[in-house]
Amino acid sequence: MSQPNEQTPADQLRSMSGGAVPAEALAFFDSLPPVQLDEMSGSWRGAELPTGHRLDGVLGILGWQGKRFDDGDSVHPLIFETSTGRRFEFNPGLVPLNLALRCGPLLRQRAVGRIVRPLLQLARTTKPRARLRMMEYRGVVSATMIYDALPVNDAFRRVDTNTLLGAMDMREPGPPFIFSLHRMSPDQ
């Protein structure tokens with residue numbers, strides 16, 4: 001039972017949604033319990049947690065909607081939405097990660113996003129492009145999404161039964177890209 005002035009993890013996430021320093025976001029991530037593979041199934045709406053990472057703001061401009069976990073070997077790591085509202089699965093293996101990281105400031109500009117967003121449909125796929133496994137990250141074994149074609153893992157921790165916090169771990173130096181996932185109902 002929480003104390004009257006004690007924030008729940010969901011409250012903490014809401015208070016950080018406008019931005020946090022990387023150390024604060026990672027301390028929050030580290031404070032959360034692990035996620036089991038069976039908790040991951042379904043569609044999840046994504047939201048960035050700004051920390052100053054080079055990808056901050058990029059996914060939102062490009063129409064990122066979230067992820068879908070069909071089972072441990074069938075994961076759609078990036079679901080985007082067209083400007084007309086149609087969702088599609090994206091093949092992240094067709095985008096050079098280092099280029100995307102270097103172009104982050106350019107991609108955050110709305111005018112550039114309007115040009116790039118329709119081009120993402122050229123990398124549309126129906127095949128799963130990631131897997132789920134239990135892996136250790138920052139000292140805790142938890143559900144982790146492993147991209148098939150990128151040197152990237154997304155480690156997850158539970159905020160509550162319908163909310164996860166993710167840390168996108170990649171080879172680049174510096175803290176991971178932090179994001180949240182919110183479980184979608186089947187009709188969304």
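Visitor: Contact means heavy atoms within 4.5 Å. Which residues in H1 meet H2?

Guide: This is a predicted model: local features need pLDDT of at least 70, side-chain atom pairs count only at pLDDT 80 or more, and totals for chains, interfaces and linings use all residues. Residues are numbered from 1 along each chain as its sequence is written, and side-chain values use heavy atoms, without hydrogens or water. From H1, Pro-9, Gln-12, Leu-13 and Met-16 meet Glu-24, Ala-25 and Phe-28 of H2.

Visitor: How do H1 and H2 pack?

Guide: H1 covers residues 9-16 and H2 covers 22-31 (DSSP runs of H or I, at least four residues; strands are E, at least two). They pack at about 165°, axes 11 Å apart. H1 is therefore roughly antiparallel to H2 (over 145 degrees).

Visitor: New topic. Which residues have the most contacts inside the largest nonpolar core?

Guide: Met-40, Phe-69, Phe-80, Met-145, Phe-156, Met-168 and Leu-181. That core has 35 residues (buried nonpolar side chains joined through atoms within 4.5 Å). A second, separate core has 16 residues, including Leu-26, Phe-28, Val-159 and Ile-178.

Visitor: And what does Phe-80 touch?

Guide: Leaving out residues up to four places away in sequence, its partners include Leu-59, Leu-62, Trp-64, Arg-87, Phe-90 and Leu-120.

Visitor: Where is Arg-87?

Guide: In strand S4, residues 87-90. Arg-87 counts as partly exposed because its relative accessibility is 35% (buried is under 20%, exposed over 50%, partly exposed in between, 1.4 Å probe, protein chains only).

Visitor: How far is Arg-87 from Gln-121?

Guide: Their C-alpha atoms are separated by 9.9 Å. Along the chain, the two are 34 residues apart.

Definitions and conventions: Axes are lines fitted to C-alpha atoms, for helices over the stretch in contact, and angles run from 0 to 180 degrees between N-to-C directions. Angles under 35 degrees count as roughly parallel, over 145 as roughly antiparallel, 65 to 115 as roughly perpendicular and the rest as oblique.
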